[in-house]
Amino acid sequence: MSEEAKAADQNSSGMSPLNYLFVLLIGAYLGILFIKSEVARWERVHDMFLFREAHMYLIISVAIVVAMISMLIIKRFKVKSIDGKPITYKPKPYHTGVIIGGMLFGAGWAITGACPGPIYAQIGSGEWMALFTLAGALLGMFSYAALKPKLPH
Amino acid sequence: MNWITEPWPWWISGILIGLTVPLLYILAGKAFGISTSLQQAGAMCAPNSKLEYLSTFDRKANLWTIVFAVGIAVGAFIATRFLSSEPAPLLPESFDSASGGIKLLVGGFLIGFGTRYAGGCTSGHSITGISNLNWPSLVATIFFFVGGLAVTWGLGQLIFPA
């Protein structure tokens, strides 16, 4: 590939090698947190849904508050990314799937003790049975891809 | 330094997880979300798929989601191997069986189908969406709990290990 093609290539993804390195590092940071906070642990998720402990609720609430304050600061001071691009949130739209899909995901979360991030964390920590969860998630994604035209949106 | 090897308290964990949102925005220009990685994996595995959901998906612009997922696995490996004195089992022992594998496969299916139909998961909707005051994300989050509570309290005997 010529240098120009490479540059064009990079442009189309909009990300530099440095951006990818940061993504990898932030992923690792989050992976450590998923294990150390135990949100990737089945018992914690089960206890959350049984209202047995507040641990998960507190973590999620604090995370939302911290993210919200961060976004207020980013918007207020028009903070840019390190590439100098403006930071904008693209709203996720409302449709029937938000309700139906949301409920189905919640059921899967309760059964497996994992949401998508923790699936990768469970596998990384050597919990090999979580490969079944990942395989199921990919099957579910393919099924959605196949059924999408027929589902209400 | 003993605190490092213990499970971390909710407030430290919550603050640090919340900071993922500005970190990803500032260092990579991306909105925090993890379930898109499933769609990216599908689009990469089936690049010639006739399904529009996969064929029209921008594989290049979303490649970062796979890098992010790999990073999560690497971080979890580090945390389990080097930052935990006695790593707690993540899944109950009863899942270590054929019936456990089936439960995880079915549960995983619901995760993959549900998050893609809803357009996000706990990270994209509950954390990033709500923190940006996006009301459909609040609706999604409420229904995450409706589904989880229904299964835990309703079908619990069938699904959950004693």
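Predicted model: local features only at pLDDT ≥ 70, side-chain atom pairs only at ≥ 80, totals over all residues.

Reader: OK, so are H4(A) and H2(B) parallel or oblique to each other?

Author: Oblique. Angles under 35 degrees would count as roughly parallel, and this pair packs at about 40°, so H4(A) and H2(B) come out as oblique.

Reader: And which hand does the crossing of H4(A) and H2(B) have?

Author: Right-handed.

Reader: Let's stay with chain B. What's its secondary structure?

Author: Chain B has 10 helices and zero strands. Along the sequence the pattern is simply α-α-α-α-α-α-α-α-α-α.

Reader: How many residues does chain B have, and what percentage of them count as buried?

Author: There are 162 residues in chain B, and 55% of them count as buried. As for dimensions, the C-alpha atoms of chain B fill a box of roughly 45 × 40 × 30 Å along the principal axes.

Reader: Back to packing, then. At what angle do H8(B) and H9(B) cross?

Author: Roughly 135°, with the axes coming within 8 Å. That angle makes H8(B) oblique to H9(B). The crossing there is left-handed.

Reader: What sits in the loop between H8 and H9 of chain B?

Author: One residue to look at is Leu133(B), in the loop between helix H8 (122–131) and helix H9 (135–153). Leu133(B) has a positive phi, near 55°, and is a residue other than glycine.

Reader: Is Leu133(B) buried or exposed?

Author: Exposed, because its relative accessibility is 66% and the cut-off for exposed is over 50%.

Reader: Where in chain A is there a non-glycine with a positive phi?

Author: At Glu38(A), with a phi of about 65°. Glu38(A) sits in the loop between H2 and helix H3 (42–49) of chain A.

Reader: Is Glu38(A) buried or exposed?

Author: Buried, with a relative accessible area of 8%. Glu38(A) also belongs to a network of salt bridges, linked with Arg41(A), Glu43(A), Arg44(A) and Glu53(A).

Reader: Nice. How many salt bridges are there over all chains?

Author: Six. One of the pairs is Glu43(A) with Arg41(A), at 3.8 Å from N to O. Glu43(A) is partly exposed, at 30% relative accessible area.

Reader: What about Asp47(A), which residue does its side chain meet?

Author: Arg52(A), in a salt bridge with an N to O distance of 2.9 Å. The two partners are a bit of a contrast: Asp47(A) counts as buried at 14% relative accessibility, whereas Arg52(A) is exposed at 59%.

Reader: And Lys85(A), what does that form a salt bridge with?

Author: Asp83(A), with the closest N and O atoms 4.0 Å apart. Lys85(A) is partly exposed at 40%, and Asp83(A) is partly exposed too, at 36%.

Reader: Which residue is 65 positions along the chain from Asp83(A), and how far apart are the C-alpha atoms?

Author: Leu18(A), with 9.9 Å between the two C-alpha atoms. Leu18(A) lies in helix H2 of chain A and is partly exposed, at 44% relative accessible area.

Reader: Switching to the surface: which residues form the nonpolar patch?

Author: Leu18(A) again, plus Leu21(A), Leu24(A), Leu25(A), Ile82(A), Val70(B) and Val74(B), with about 570 Å² of accessible area together.

Reader: Which helix gives the largest share of that patch?

Author: H2(A), with four residues. Helix H2 (17–36) of chain A and helix H6 (63–82) of chain B each supply at least two.

Reader: And Leu21(A), where is that?

Author: Also in helix H2 of chain A. Leu21(A) counts as partly exposed, with 42% relative accessibility.

Terms used
Residues numbered from 1 in each chain as written. Chains lettered and ligands numbered in written order. Heavy atoms only, no water. Patch = residues over 30% accessible without salt bridge, like charges linked within 9 Å, V, L, I, M, F, W, Y side chains within 5 Å. Areas by Shrake-Rupley, 256 points an atom, 1.4 Å probe, with all protein chains shown as cover. Buried < 20%, exposed > 50% of the residue type's maximum accessible area, 1.4 Å probe, protein only. Axes fitted to C-alpha atoms, helices over the stretch in contact; angles between N-to-C directions. Parallel < 35°, antiparallel > 145°, perpendicular 65-115°, else oblique. Left-handed = near helix turned anticlockwise from the far one by under 90°.
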